[in-house]
Amino acid sequence: MPELPEVEGVVRGLQPVVTGKLIKSVDVSPTIIHSKENGKEAIIKGADVESFQSALPGMAIVRIERRSKYIYFHLKNQDGESFLLVSHLGMSGAWFYVRSLDDIMEEKFKKHSHVTLHFDEDDMLVYADIRRFGELRLLETEADYPPLLLMAPEPFNKGALDHYLNMSLLPRYENKPIKEFIMDGHVVSGCGNIYATEALFNLRIHPARKVKRISKERKIQLFHEIVAVLLDSIENGGSTISDYRSINGGAGTMQHRLQMYSKKNCPICGKPTKQKTIAGRTSTYCGSCQK
DNA sequence: CACACTCCCCGGTTGC
DNA sequence: TGCAACCGGGGAGTG
Ligand SMILES: [Zn+2]
């Protein structure tokens, strides 16, 4: 599952190879066309296939950046007008920069290639998504899709800590489990199940502890731990678990450094770890070490 | 208006 | 070998 570090890895992989490319045409898989015809918002969101497909040709990719778990492709058309192609990888999305679809080595991704941006006959960027939880949106600005404006600041930016502390005092959050709180994209950008699990374990905080039962000092420590874990993961290329792939199917090594996520035994005391569903997500923790 | 709750989107994986 | 249940990021809809 791509979280902030994994998306950062994808963006760093994309930047040198597709910045400056001019989109000549766009292919959409029959599967997606079929779903869209049945009224489903399959991958291509907020637009029908035809308008998405006809809008992109003639646009150039001028810049690529990560914002939370989203990839922003900044585009410019021939008249110099700016657009934003926003990509979220969902559970199983991946980008492949290839000469042809056959260059996608893993069959399960090749089989689920859904959107192809063609730059030339043998030069293309392919979006593959096994479970189709990902999304692509063509906007003029972020404001065209208001949820983007509600995302928490980037965790590495000044202001992110204060934002998080302020949110922790709101009625809607004070009774929430701390794990649900830090995984909420309106509170912290880009922290999903893996890194929330790690940060809480590293600080010995029980994932179900209520937000209001954590001191300000402890909350500050936790925020800094989340940042530290995210940075460590970025340095290690992210965690390659199940369907996450970096660009062109590459793998990270952070999964080998995880202490608690998907572990059977606690690395501190050796007792079997516990599992609890918090906010609909499986949460692994040590019942002895985490309070 | 704020909040709580449910549903949906999928297919690989798991378990009976 | 078959098949149903399970899982999950995050928006949208309902009450
Ligand atoms: Zn322990």
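User: Where is the place of Glu-140?
Analyst: In this predicted model, Glu-140 sits in the loop between strand E8 (135–139) and helix H5 (160–168). Helices (H or I, at least four residues) and strands (E, at least two) are DSSP runs, numbered from the N terminus.

User: Is Glu-140 buried or exposed?
Analyst: Glu-140 is exposed, with a relative accessible area of 52%. Buried means under 20% relative accessible area, exposed over 50%, and partly exposed in between (1.4 Å probe, protein chains only).

User: Changing topic, how many salt bridges does a search of the whole structure find?
Analyst: The search finds 16 salt bridges. A salt bridge is a side-chain nitrogen of Lys or Arg within 4 Å of a carboxyl oxygen of Asp or Glu.

User: Which side chain meets Glu-8 in a salt bridge?
Analyst: The side chain of Arg-66 does, at 2.7 Å, N to O. Arg-66 is in strand E2 (residues 60–67) and Glu-8 in helix H1 (residues 4–18), 58 residues apart.

User: And what about Glu-154?
Analyst: Arg-66 also forms a salt bridge with Glu-154, the closest N and O atoms being 2.7 Å apart. Arg-66 lies in strand E2 and Glu-154 in the loop between E8 and H5, so this pair ties together parts that are 88 residues apart in sequence. Glu-154 counts as buried, at 10% relative accessibility.

User: Which residues are linked in the network of salt bridges with Glu-154?
Analyst: Glu-8, Arg-12, Arg-66 and Arg-67 are linked with Glu-154 in that network.

User: How are residues numbered?
Analyst: Residues are numbered from 1 along each chain as its sequence is written. Side-chain values use heavy atoms, with hydrogens and water left out.

Technical notes: Chains lettered and ligands numbered in written order. Predicted model: local features only at pLDDT ≥ 70, side-chain atom pairs only at ≥ 80, totals over all residues.
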